[in-house]
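Please read it with the structure open beside you.

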Amino acid sequence: MNSHNKLAVKGFITILTGLYSFQDCIHFLASVRKFHREPIIVLIDRVPQILYPLLQVFGNVILKPAPSHENPVLASRLAKLALYGESLFEKTIYMDCDICLLSPIDEVFDFLDGVDLLVTEDVQPAIAKAANLLRVKQDILSTLQAVGLPLNENSIQYNGGFIAFTKSSKTQELFTNFKKYFDMVVAHQNVLLLKDQGAFAAAVESVKPKMTTLSPVYNYLDKWKEIYAIDKPIKVMHCTYPYRPQYAKNVTRSLFTRIVDRIAKIFLQNQLNNPWRLK
């Protein structure tokens, strides 16, 4: 593991907890390196060290241990809570490792000059309609409020796959509250699914950081393309299991990634019956 003391000006960070996402992470790194030279931190857990060199092929990749947990879903959520503390950069762009860059996004670092936080809305932005957060069929907002989340009918659900932030006291407070509210989600697994969007929305609601909501072109879920109304080129393709469009694959296609994909068919856990993703 690499250790750096001085903060770099800007960089990327992602999460890899378990082999299930390893192949995605290879392609994520390939797509970022196609357009960017900044360092990339991978918060990593439950991946054999023998595979680490495959991630480091892309250069300037910093592997840091993610918070460990036997439940890989919870492990990835805990890693997201730790993003602020684990970032080595003044300006950080976090992206899920099932994301593929389709073009450079240097302007996102520039957008951070005036704000603490940049986010994108979820495909279902109204928290009051966010049935995806609940295990049970009951009123959504009152259920979220009953477990202690300070949400209201105007609260927005942001998609946690893309979060850009600066090192500031306000952002630090945001992530502190994010953890506090996520602990409430974990404590109420009888009614809530193990997701981070409700806790993140609650943290935004309580801290009110200086923030900008970016266009969906910065976190475009192709699986839900009929929901969007955009007329600009997509920059950040969020592939979502098990859906990875061919044009996202084309961006990262190289001899190295083709070799990894071929080996992955043999050795890696199959991602919902696909040698590599159904589409």
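1. Basis of the note. The model is a predicted one, in which local features need pLDDT of at least 70 and side-chain atom pairs count only at pLDDT 80 or more, while totals for chains, interfaces and linings use all residues. Residues are numbered from 1 along each chain as its sequence is written, and side-chain values use heavy atoms, with hydrogens and water left out.

2. Helix α7. Helices (H or I, at least four residues) and strands (E, at least two) are DSSP runs, numbered from the N terminus. Helix α7, residues 169-187, has 19 residues and spans 27 Å from its first C-alpha to its last, close to the 27 Å expected at 1.5 Å a residue, where the expected span is 1.5 Å times one less than the number of residues. Its buried residues are T171, L174, F175, N177, F178, Y181, F182 and V185, and they cover an arc of only 165° around the axis, which puts them on the same side of α7; the arc is that of the directions from the helix axis to the C-beta atoms. Buried here means under 20% relative accessible area, exposed over 50%, and partly exposed in between (1.4 Å probe, protein chains only). An α-helix has 3.6 residues a turn, so residues three or four places apart point the same way. The face of α7 turned away from the buried side carries the exposed residues S169, T176 and A187.

3. Surroundings of α7 and α8. The cover over the buried residues of α7 includes α3 (72-81), α4 (83-86), β6 (117-126), β7 (156-166) and α8 (197-207). In α8, 9 of the 11 residues are buried, so this helix is largely enclosed by the rest of the structure. The buried residues of α8 pack against β6, β7, α7 and β8 (211-214), and just after α8, K208 takes a positive phi of about 50°.

4. Nonpolar cores. A nonpolar core is a set of buried Ala, Val, Leu, Ile, Met, Phe, Trp, Tyr and Cys residues joined through side-chain atoms within 4.5 Å. Of the 45 residues in the largest core, L144 and F200 touch the most other members, and α8 gives the most to this core, with 7 residues. Apart from it lies another core of 39 residues, among them I26, I105, V108 and A164. Leaving aside residues up to four places away in sequence, F200 touches L117, V119, Y158, I163, L174 and F178, contact meaning heavy atoms within 4.5 Å.

5. Cysteines. A search of the whole structure finds 0 disulfides, a disulfide being a pair of cysteine sulfur atoms within 2.5 Å. For C25, the nearest cysteine sulfur is that of C97, 4.8 Å away, and C25 is buried, with a relative accessible area of 0%. The sulfur of C100 is 5.9 Å from the closest cysteine sulfur, in C239, which is too far for a bond.

6. Aromatic pairs. The search finds 11 aromatic pairs, for which ring centres of Phe, Tyr and Trp (its six-membered ring) must lie within 6.5 Å, with planes under 30 degrees apart counted as stacked, over 60 as edge-to-face and the rest as tilted. The rings of F58 and F256 have their centres 5.6 Å apart and their planes at 75°, so this pair is edge-to-face. The pair links distant parts of the chain, 198 residues apart, with F58 in the loop between α2 (52-56) and β3 (61-65) and F256 in helix α10 (residues 255-267). Y84, Y158, F165, F175, F178 and F200 form one aromatic cluster.
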